[in-house]
Every structure is written in structure tokens, then in C-alpha cells.
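Colleague: I have the model open next to the sequence and would like to go through it with you. Could we begin with the terms and then work through the parts in turn?

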Amino acid sequence: MTEAQIKTEITFEDFKAEVLNDYRIARISRECSLLGRKEVLTGKAKFGIFGDGKEVPQLAMAKAFQNGDFRSGYYRDQTFMMAIGQLTIQQFFAGLYGHTDLSHDPMSAGRQMGGHFATHSLDENGNWNNLTQQKNSSADISPTAGQMPRLLGLAQASKIYRNVRGLEEFNTFSNQGNEVAWGTIGNASTSEGLFFETINAAGVLQVPMVMSVWDDEYGISVHARYQTTKENISEILKGFQRDEDNNGYEIMTVKGWDYPALVETYQKASAIAREQHVPVLIHVNELTQPQGHSTSGSHERYKNAERLAWEAEFDCLAQMRHWLIENNLATAEELDTIDNEAKKEVLEGKKAAWTAFTTPIKEEQNELVALLNSIAASSANKVFIEKYAADLAAIKEPIRKEIITTARKVLRLLVNESGKSQLATWINSYTDTIQPKFSSHLFSQSAKNVLQATEVEPVYDASSEEVDARLVLRDNFDAIFNKYPEALIFGEDSGNIGDVNQGLEGMQEKYGELRVSDAGIREATILGQGIGMAMRGLRPIAEIQYLDYLLYAIQIMSDDLATLQYRTHGRQKAPLIIRTRGHRLEGIWHSGSPMGMIINAIRGIHVLVPRNMTKAAGFYNTLLETDEPALVVECLNGYRLKEKMPTNLGEFKTPIGVVETLKEGTDITIVSYGSTLRIIEQAAKELTEVGIDVEIIDAQSLLPFDLNHDCVKSVAKTNRLLVVDEDVPGGASAYLLQQIVEEQNGYRHLDSQPQTLTAKAHRPAYGTDGDYFSKPSVEDVFEKVYAIMHEAKPDKFPSLY
């Protein structure tokens, strides 16, 4: 029996109590918005964006929201979070102040501004909670409509759990696929392409998704006439409405101030999505925004007097109050009492949050002041140090920047004094304690992070044949799908034809269309499918056909997936594997090597660059035993090359963050990755003929890179370094050079200038000659190495030119 069915038979008094409690929650939420704005304007908080004007529809949504359901929303859903019991007044203000203690701000531990809501899918050790026994909110992000792709995956997970056999034991993630994914968005943000891409994809996939559009006619200051055709999103989406002959959406419209109609609408939407797995769009119109868009400005600047008067009358709380009185559910005096109690409760919660936020910082302030005064007593710079201590002590509401800045400035005054050691120890201890509050959990800190995985080498025997490399991938995927019932793969051409390079040949026929699936041409939502399903315990592999197409999805990867563990302080994860292929093809949009852009945009996701398909397969095997997201870039020109077929398919593992020396040498170290290594290996043979002995190192993974610092060990032997890749100048090669020379202190061992050899700054022109004149060739590598050796030993290696 569902929660909705349990609640169908209640007495009038129970009904009255429930409705009045809804009003109480809405009033508390409104007071939080009003007082929150004041906290920003008085300087206690940096910025505020609140849910005032959207309270009543969020109450209705909360009533239909059940355990196991997921929300993927935007930054105005505070009333909803309060209504499902996942946000207190004190937590609301802790988020506004940026409190770095997760016990006070469980949404993000101060890493996101207020209004960004999340529940804890993981315990403190990074292990999954029972998601079916709690109400879930995926962690919000600020980029408008950025929550949409993830929403699709959260909904699709229910379809997978309901229809794929072998997942019966995953009952802590789903109750037979009965969960609904609830999306929210502002009307103006429906103009974003991500909204339309997701709406279309959900209609195709037929997943249990309820999409709410909060419509207050504006996007910041810009009216709907500039945002949406016909100024009406549900009107222009009518073509998505399902009928007797075609799948599609159920589309509903409801006024945002009409409490009973809203409750009825959301109950209907929940039943349709939950039972039939049909997506629903609810257009909630005639909403208001009493304080304007945010604390950065006033809406009186762009709304006329008529609109402001209408908003005052049709404020959803004013209308709910009127409805309660009109239907004899409460008197004006009773509601006034609730209003006054809400104000008092919010004020007390705000004070408690501020005290909890400032107390530890003031303790740190007092500790440093005492230390400075103690050190000053025996210092030649006593007067100056005491002045620093007094200035710090005088700050009534200090921030940590002011504390540590003071300490570091005083340290300069002690450079030749005995007190230096004591203060330096304090600074280092303070930094070690405080820095992680702002920096931890970019990657998993659980026992299943990628660094815990150990290498298992491929095994070969007398029966191991040389085969097309794609077959190693194909047969390894077969082993994966057999071993992991929760694993699935999807992308453009991934299903029916077994991907464009036949690495999935026959897999759909064997494992079914839900586990090996074709997807439309929509890279952002392919990523979103993967993120959402991974957040619900599945192990998806999202395939982007070519590396260059990843640009369509880079925003979702960067803003959502890469930051997920970080922005939830390790309380949510999405161990998504992104599969793609690149390097050494032709043309502007199929050359496939924009690695510098990628590694600098997606810190928080591992970037793996295997040189062959056995290495790639090993990465997939490794990742499925870990709990972190990664991008695997297969070599596009390697599928038909010959590789031996391992006998331990699905079991061998390529280590992450470990380089491999392909050839030892004494004269120069060359570091590279992917397809370029084959060119370097050929050049190395030719260099041997003229007396130059090259050491070749395969990076294997760019994020992380060479955790054992094997590159610098090589440079210590050869005393020369060249980094080669296909990216543009200053791209991934510059990153690798910085890692070796600076991070690994390789500069200490260099007898020659460290150099890079990259592609040209432009993209490759079409055709074989385009590749040759755009990216490093065998001759380029040969001549670059020869020139380095000429500079070092001109007598032995006279100039070529």
C-alpha cells in the first residue's frame, strides 16, 4: 500500500491539522526568505536566492513525494525540503552563512550558496544508505537547466530496476521501480537547450519523471515574452501530449496559488508516473516572486505598479490564507498566531545558526591572539606584533581569512627570532585543520576509491590468438555484463549494430535492449542518464561516439558530475564510466584530441588514455570495482590492429595513476599517451640508427598522473625530457610538463631545456596530408629529439638543417 493510499481515509480534524501544518511550514519558509535577505544586506551572508512565492505548489509536490523518490531541482525549493523533513530553519541559515561543518549545513558543508539542496545517499565512510527508506534530493547546481540531464537518469533507473532481471538483490536502491524522479525549474530556464533535450529524451524513453515548471513570468528581469514562444511553455509542448495511438507526456496546468487544485494535480501526476512510467509535465503558472530574483537587486525596477499589485493579491500564501478562512478551516486570529509563531521560530533558528557558525571561529581568533601576545613579550618587534594581535581581537565577527592572514604577516616579523618556530607550527597546524573544510572530497575518500585498486595483468596461454583489438573489448564487455547485472551501456549506435567500431557486437541480442541501448543524438542527456542512474546504484557506461562530441556534454561533466562528491562533502556519488574514442583521424571535428580543455574542465573525474584495447578493457574492469567516475578515451585507429586475446577477461585490471615504461633508454625521456605512442616507437627505432637511445613512457592516465613519480626517476637517468601529444600547444603536454618538472622536481636532473612537441594550433584539415601537417609525425619526433641532442653534443650530432 502506498503512502497516498494510507492517507485516503482521514477525519476532518486530521485533514484540518494537516492543512494548517502545511500553512505553518509555508509561513516558516517565507520568514526564512525575508530574514535571509536581511542577513545578506547586513553583510552576514554573501548572497541569497530564495523560494518566496513558490511555497504552496511545493507543499503539494511534497505530499506526493514518497520514500525512494528523487528530486532534481533548482535553487528555490526550500519549502519542499522543509515539507519532506530534510531542511530545518537552522540548517537553512547555516547554508546561507556557508558553515563548513556538515552537521550544521548537511546540504554542502558551506561549499554551495544557500538554496542548493541535497540529502545523504552515503554514510560517513562513503557506503550507500538504504535509498528506499528515505526521501532523496540529488545535489543542486546553479547553472540553469543543468539539473535536467541528471533528472532523466534518476527516472530511468526506476525503469531499469522494474524491467531488468538480476537486480532483485538491489532492493536498497529501488522497490521494483516504483520511484518517481521529480524535477523543478523556473519558467525562464525552460529556454535552455538542456530542458528541451531532456523533455524529448524522457518522452522517448517513457520514464517516471514529473517535471514542474514554476512560472512567475520573469527570468531575473526579463519578461516571458522574450523567453518563450507564446509566453507559455505548456502551450508549445502540446505536441508531446500522449494520445491513444502515441506515447508521450501527460501535460497538466495549474495555478500556483490554488492549494486544493495543486494537491489534486500532484497526486494525479504521481500516480501516472509511478504506476505507468509515463512522464508528466506540470506547468504551475500565476506564481509570484515577492522579493525579486535575488538579493542583488529589487524587482520594483522592472515590474510596473499593476503587476506589483497583482502579485500582492495573488501571493500564494495570501490566497491560501483566504482559502483557509473561507472554508472555515481557520480563523484570521488562528492564522495570525501561526504567522507570529513562525516569525519567532525563524528568528530563534537564525540566531542559533549564527552562534554555531561564529563560535568556533572566535575560539580560533582568541587562540591566535593569546599566542601572538605571548610571542610578542620576548620579540624585538613587540610593538608591531601586539598591534596585529589587538587589531585581530577587535574584530567582532571574524572570518578565518582574517585570522590566518594575521598569523602569516606576523611570521615575517619573526624570521630571525626564536618565536618563529612556535608561530610556524601553529600556522601549519591551523592550515592542516581548516584547508580540508574547503578542499576535501574532490575524489572519493572511501575504501573503494580508484587508488585502492591493484593491477591484475592479462593472462595468456598457448591458445591465445592474435585478433582484431575490438574483439578484446567485445569479449571483455561480455564478461562485464555477465559479472555485473547492474552494468549497462548506452549511446549513439551502441545497441543494434554494436557500436561504430563493433566493440559491442552481439551484446544487445544477448543482454537485451535495456542493458545495451541505442540513444538519440543528444550527448548532454546521454551523460545525464549515466549520472542519474549511477546515483541510484547502477553501473552505467555512457558512450559518446567520438571525443570531439564530448563538447556537447562538457558542461554537465564539469558542473555536475565532476563536482558531485565535492559539493556534497562526500555524501553523494555517481561512479559513471564515460566511454569514447579519439586521436588520429581527420578533419576539424573528428581529430579527437582536445585533452587540455578536458582535463582542466573536469577535475573530479579521472581521465584515462589507454594506448590499446587491452589496456582500455583493463580500465573498465578496474573502474567497476571502484566508486568514482572516469572518462576512458579509446584509440580510434586501434580497433583493427592485432592484439592477443587474454584468458582472464573481466578480471585483468589496468592500474590508474601508474605510468608504464615501454622502452628503456639512456639519452632522453619521452612521455606521451594514446595513439601517438606508436609514432614515437617508430621514431625511436630510427633514432637508434643514429646513436640516440630513447626511453618511452606511456602516461596511461592523465588524471591522476604518475602517482609513483616514475617519470622523474627516468629523467634522473637520461637528464632530458620531451613530452609529445596531439593536443594544441599549451594543452595536455603543458600539464604533463608541469607535473614532471614542477610537481616531481624534475628540473633538478635536467641538462637540457625540457620541451614539448604538440599538434599545430589549428585543427587538422581533412585527409591524410591534413593529419601529417597538423599533428606530430615520425619525422617531427625524430627531428625534435635530434635537435635536443645536437644542442647537448653538437660534435656527435651535427645540425640537420
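This is a predicted model: local features need pLDDT of at least 70, side-chain atom pairs count only at pLDDT 80 or more; totals for chains, interfaces and linings use all residues.

Colleague: Fine. Which residues point which way from E4, then?

Modeller: Met-209, Met-211 and Val-213 point one way from E4, while Val-210, Ser-212 and Trp-214 point the other way, and all are buried. Strand E4 covers residues 209-214, and since six of its six residues are buried, the strand is largely enclosed by the rest of the structure.

Colleague: In which sense do E3 and E4 pair, and over how many bridges?

Modeller: E3 and E4 pair in the parallel sense, over six bridges.

Colleague: Switching to rings: how many aromatic pairs does the structure hold?

Modeller: The structure holds 26 aromatic pairs. In one of them, Trp-182 and Tyr-266 have ring centres 6.3 Å apart and planes at 25 degrees, so the pair is stacked. Because Trp-182 lies in strand E3 and Tyr-266 in helix H9 (residues 259-276), the pair ties together parts that are 84 residues apart in sequence.

Colleague: Are those two buried or exposed?

Modeller: Trp-182 is at 0% relative accessibility and therefore counts as buried, and Tyr-266, at 0% as well, counts as buried too. Another stacked aromatic pair is formed by Phe-477 and Phe-481, at 6.1 Å centre to centre and with 15 degrees between the planes.

Colleague: Where do Phe-477 and Phe-481 lie?

Modeller: Both lie in helix H16, four residues apart, which is about one turn of the helix, and both Phe-477 and Phe-481 are buried.

Colleague: Which residues do ring pairs link into a cluster?

Modeller: The cluster consists of Phe-50, Phe-92, Phe-93, Tyr-97, Trp-354 and Phe-357. The charged end of Lys-44 sits over the ring of Trp-354, at 4.9 Å from its centre. Elsewhere in the list of such arrangements, Lys-303 lies over the face of Tyr-218, 5.2 Å from the ring centre.

Colleague: Back to H16 for a moment, which strands does that helix lie across?

Modeller: Helix H16 (residues 469-483) lies across strand E10 (487-491), E11, strand E12 (539-543), strand E13 (577-582) and strand E15 (630-635), and runs at about 130 degrees to E10.

Colleague: What is the strand order in the sheet of seven strands?

Modeller: The order is E11-E10-E12-E13-E15-E14-E20, in an open sheet with mixed pairing. Strand E11 (516-518) and strand E20 (701-703) are the edge strands, each of which pairs on one side only. On average, neighbouring strands of this sheet are turned by 20 degrees against each other, with direction ignored.

Colleague: And how do E14 and E20 pair?

Modeller: Strand E14 (residues 606-608) pairs with E20 in the antiparallel sense over two bridges, and Val-607 stands opposite Leu-703 in E20.

Colleague: What about the largest nonpolar core, which residues have the most contacts inside it?

Modeller: That core has 119 residues, and those with the most contacts inside it are Phe-481, Met-595 and Leu-702. Helix H6 (residues 147-163) gives the largest share of this core, eight residues. Apart from it lies another core, of 87 residues, among them Ile-25, Leu-35, Leu-287 and Val-410.

Colleague: What is Leu-702 in contact with?

Modeller: Leaving aside neighbours within four places in sequence, the contacts of Leu-702 include Met-595, Ile-599, Val-607, Val-609 and Tyr-673.

Colleague: Last one: where is Leu-662 found?

Modeller: Leu-662 is found in strand E17 (residues 660-663). Its relative accessible area is 24%, so Leu-662 is partly exposed. Not counting residues up to four places away in sequence, Leu-662 touches Arg-611, Leu-677, Glu-681, Ile-696 and Asp-698, whereas Gly-650, 12 residues away in sequence, is 24 Å away in space, C-alpha to C-alpha.

Definitions and conventions:
Residues are numbered from 1 along each chain as its sequence is written. Side-chain values use heavy atoms; hydrogens and water are left out. Two strands pair if DSSP finds at least two bridges between them. Axes are lines fitted to C-alpha atoms, for helices over the stretch in contact, and angles run from 0 to 180 degrees between N-to-C directions. Contact means heavy atoms within 4.5 Å. Buried means under 20% relative accessible area, exposed over 50%, partly exposed in between (1.4 Å probe, protein chains only). Rings of Phe, Tyr and Trp (its six-membered ring) pair if their centres lie within 6.5 Å; planes under 30 degrees apart count as stacked, over 60 as edge-to-face and the rest as tilted. A charge sits over a ring if NZ of Lys or CZ of Arg is within 6 Å of the ring centre and within 35 degrees of the ring normal. A nonpolar core is a set of buried Ala, Val, Leu, Ile, Met, Phe, Trp, Tyr and Cys residues joined through side-chain atoms within 4.5 Å.
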